[in-house]
Amino acid sequence: MNTNKSLISMALLSALSLMSATAIADSPTAYGRLDISMTNSDQGFTTQNRKEGTVLENNLSRVGVKGSEKINDDLQLVYQMEVQVNSATNEGDEEVFSARSTYLGVISDAGTVLIGRNDTVMKSSKGDVEAFDLTNAAYNRMIAGQDRKADGITYYSPTIAGLFTVNGTYLMDDNFEGSDETQYALSVVAGDKKLKNTVYYVAGAYNTIGGVDAYRGVGQVKMGQFKVGGLYQHTESQSYDQKEGDSYFFTVTYDLNGVDLKVEYGRDQAGFGKFIKYNSAVASSADFNQATDVEVTSLIFGARYQLSKSTMLQAHYAMYDGEYQIANSGTVIDLVDDNIASIGVRYNF
């Protein structure tokens with residue numbers, strides 16, 4: 001009798017296991033990332049939590065779920081829900097989660113449409129040219145346009161003539177009552193940002209989102225073990241006529257037996273980045289909004305090593321300095337320099 005019960009139990013467990021495996025196979029994909037660095041900064045102007053000294057930084061660790069479902073032969077539903085997880089540092093005591101890309105969309109022969117919160121096509125136009133993305137040396141320390149926005153519609157075209165795509169972001173006007181501008185971004189992209197299918201990547205983008213009008217050109221090419229890239233951007237404030245300027249980044253990456261050695265030089269003459277915004281030499285938000293004649297430079301050295309499929313080690317040293325005026329006053333104000341050393345680990349699951 002006990003033997004029969006055991007056999008029945010084993011059969012039921014086997015059936016449940018098969019059902020669970022099938023359910024998991026058909027269910028959405030859960031994923032996440034833990035990205036933690038130990039950082040020493042003279043001033044903390046560019047660190048994730050804007051703290052000086054030796055601190056732990058949470059480099060946008062996140063958890064999410066994504067998936068797709070075939071509607072018919074011509075239409076596929078796609079979705080993603082993602083949040084940033086701040087628990088690893090003190091910031092998580094007050095805000096454990098913060099918003100990241102969350103959208104519902106469809107894919108068809110006419111392209112992909114996503115509705116919700118997503119990176120603007122201005123932001124995504126940078127491809128992989130940004131050498132120190134998701135760290136305290138990311139592009140947004142120097143320039144505007146690196147936005148992830150909610151209440152938006154994003155469109156990615158299919159590849160046209162086998163060469164390029166045309167993409168757009170539109171934000172719903174009535175959900176952004178604080179702006180008098182129609183907020184949208186456009187981009188044209190050619191090549192492969194990973195430089196695997198092609199040895200080049202080029203993009204052009206225009207943006208009216210986030211209180212600025214901006215034009216951007218991006219390019220990167222692979223030559224043997226080298227990757228050489230650059231970004232140019234012209235940015236103008238929509239509120240202060242005198243605040244505008246050009247920004248440049250030049251990046252070289254060299255693959256040394258699996259270790260990516262990287263150097264990036266940046267120069268900003270527009271004054272919309274976090275380095276100047278949070279610099280102690282800038283007395284108020286009004287002064288930041290009217291910053292003109294900006295000259296900010298950055299020089300960053302670093303390396304990344306893929307320890308395993310899921311784990312990456314990274315380190316860099318960044319130097320920032322610069323000056324500006326307030327509304328073309330003629331009085332030059334020196335920004336306080338900052339030097340940042342950082343070493344960390346990124347784990348994807």
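Modeller: A patch is made of residues with over 30% relative accessible area and no salt bridge, and like charges are joined within 9 Å. Keep that in mind. This is a predicted model.

Colleague: Which residues gather in a patch of negative charge on the surface?

Modeller: Asp 42, Glu 52, Asp 293, Asp 321, Glu 323, Asp 334 and Asp 337 do. Take Asp 334. It is found in strand β18, residues 333-334.

Colleague: Is Asp 334 buried or exposed?

Modeller: Exposed means over 50% relative accessible area. Asp 334 has 55%, so it is exposed.

Colleague: Let me step back. How many helices and strands does the protein have?

Modeller: Four helices and 19 strands. The C-alpha atoms fill a box of roughly 95 × 45 × 45 Å along the principal axes. Of the 349 residues, 41% count as buried.

Colleague: How do I read a nonpolar core?

Modeller: Start with the general idea. In soluble globular proteins, nonpolar side chains tend to be buried together. Now this case. The largest nonpolar core has 28 residues. Tyr 201, Ile 276, Tyr 320, Tyr 324 and Leu 335 touch the most other members. Two or more residues each come from β11, α3, β16 and β17. The largest share, four residues, is that of β16. Another core, of eight residues, lies apart from it and includes Val 121 and Met 122.

Colleague: Which residues make the nonpolar surface patch?

Modeller: Leu 163, Val 199, Tyr 200, Val 202, Val 221, Met 223, Phe 226, Val 228 and Val 252 make it, with an area of about 710 Å². Elements β11, β12 and β13 each give two or more residues. Leu 163 is found in the loop between β8 and β9.

Colleague: How should I read salt bridges?

Modeller: Ask where each partner lies in the chain. The whole structure has 10 salt bridges. In one of them, Asp 35 pairs with Arg 346, with the closest N and O atoms 2.7 Å apart. Asp 35 lies in strand β1 and Arg 346 in strand β19, so the pair ties together parts 311 residues apart in sequence. Both residues are buried.

Colleague: What is the accessibility of Glu 91, and which residue forms a salt bridge with Glu 91?

Modeller: Lys 51 is the partner, with the closest N and O atoms 3.3 Å apart. Glu 91 is partly exposed at 30% relative accessibility. Lys 51 is partly exposed too, at 31%.

Colleague: Which residues are linked in a network of salt bridges?

Modeller: Asp 119, Lys 123 and Arg 148.

Notes: Residues numbered from 1 in each chain as written. Predicted model: local features only at pLDDT ≥ 70, side-chain atom pairs only at ≥ 80, totals over all residues. Heavy atoms only, no water. Core = buried A, V, L, I, M, F, W, Y, C linked by side-chain atoms within 4.5 Å. Buried < 20%, exposed > 50% of the residue type's maximum accessible area, 1.4 Å probe, protein only. Patch = residues over 30% accessible without salt bridge, like charges linked within 9 Å, V, L, I, M, F, W, Y side chains within 5 Å. Areas by Shrake-Rupley, 256 points an atom, 1.4 Å probe, with all protein chains shown as cover. Salt bridge = Lys/Arg side-chain N within 4 Å of Asp/Glu carboxyl O. Lys, Arg positive; Asp, Glu negative; His and termini not counted. Charge placed at Lys NZ, Arg CZ, Asp CG, Glu CD.
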